[in-house]
Amino acid sequence: WLAYDDEGGYLYAAWRISLGEMPYRDFLTPQLPLFLYPGAAVLVLTGYSVWAARFAMTVLTLGAAILCVATVRRLWGAPTALLALPLLLVQKEMFWAARFFRPEAPMLFWGMLGVWLFTLAYPARRRGLLCLASLSLGCSVLSKLFGALFLLGLALFLFAEGVRRRDWRDMVTT
């Protein structure tokens, strides 16, 4: 009953991976490995439960919402974060990402983790956290290619910061 939906195709690919097959060698799939391999692990650990795979996406989406609220709180304060949380939870795309086994939930989680780590690391130029933010943003792209939009947003921020401060050496060397 899931065969003609995107979710069915993703579940099928994760199932084949759980059997030991390799994507792009044994079968073709449009999705990236950091979505499919953990999905296969969830299927194996739960006895191939579709509901468990969907629940994993719900957990990742809620994690992304919590990270977004933590980022908003850090940047603009608690009142704004309290306003952001209900708006995030009722937003149509967040609700959609939480309901189905699709790559949007891992992309949102890894992307928001990267943005949150970046907001912690950038003001003090903490290189370790900046490396972790980079790894997390890379995981977002490896979950779904639209994860590159998180990177683009941070690159635009850095560009605007450079134009505003006019001290490019400080941004690049520290």
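Predicted model: local features only at pLDDT ≥ 70, side-chain atom pairs only at ≥ 80, totals over all residues.
Residues are numbered from 1 along each chain as its sequence is written, and side-chain values use heavy atoms, with hydrogens and water left out.

Arg102 sits in the loop between helix 5 (92-99) and helix 6 (104-121); helices here are DSSP runs of H or I with at least four residues, numbered from the N terminus. Arg102 is buried, at 12% relative accessible area, where buried means under 20%, exposed over 50% and partly exposed in between (1.4 Å probe, protein chains only). Leaving aside residues up to four places away in sequence, Arg102 touches Asp6, Tyr10, Phe35, Met57 and Trp96, a contact being heavy atoms within 4.5 Å.

Asp6 brings us to helix 1, which covers residues 6-18. Its buried residues include Tyr10, Leu11, Ala14 and Ile17, and the buried residues of this helix pack against helix 2 (33-45) and helix 3 (50-76). Just after helix 1, Gly20 takes a positive phi of about 100 degrees.

What about the nonpolar interior? A nonpolar core is a set of buried Ala, Val, Leu, Ile, Met, Phe, Trp, Tyr and Cys residues joined through side-chain atoms within 4.5 Å. The largest one has 25 residues, and those with the most contacts inside it are Leu88, Leu108, Met112 and Phe150. Its largest share, eight residues, comes from helix 6. Phe150 touches Leu108 and Met112, among others including Val115 and Leu137. A second, separate core of 15 residues includes Ile17, Phe27, Ala53 and Ala105.

Finally, the backbone deserves a look. Most residues other than glycine have a negative phi. Tyr24, although not a glycine, has a positive phi of about 75 degrees; this residue is in the loop between helix 1 and helix 2 and is partly exposed at 45% relative accessibility. Arg125 is not a glycine either, yet has a positive phi of about 55 degrees. Arg125 lies in the loop between helix 6 and helix 7, and is buried, with a relative accessible area of 16%.

How values were computed
Helix = DSSP H or I, 4+ residues; strand = E, 2+ residues; numbered from the N terminus. Expected span 1.5 Å × (residues − 1).
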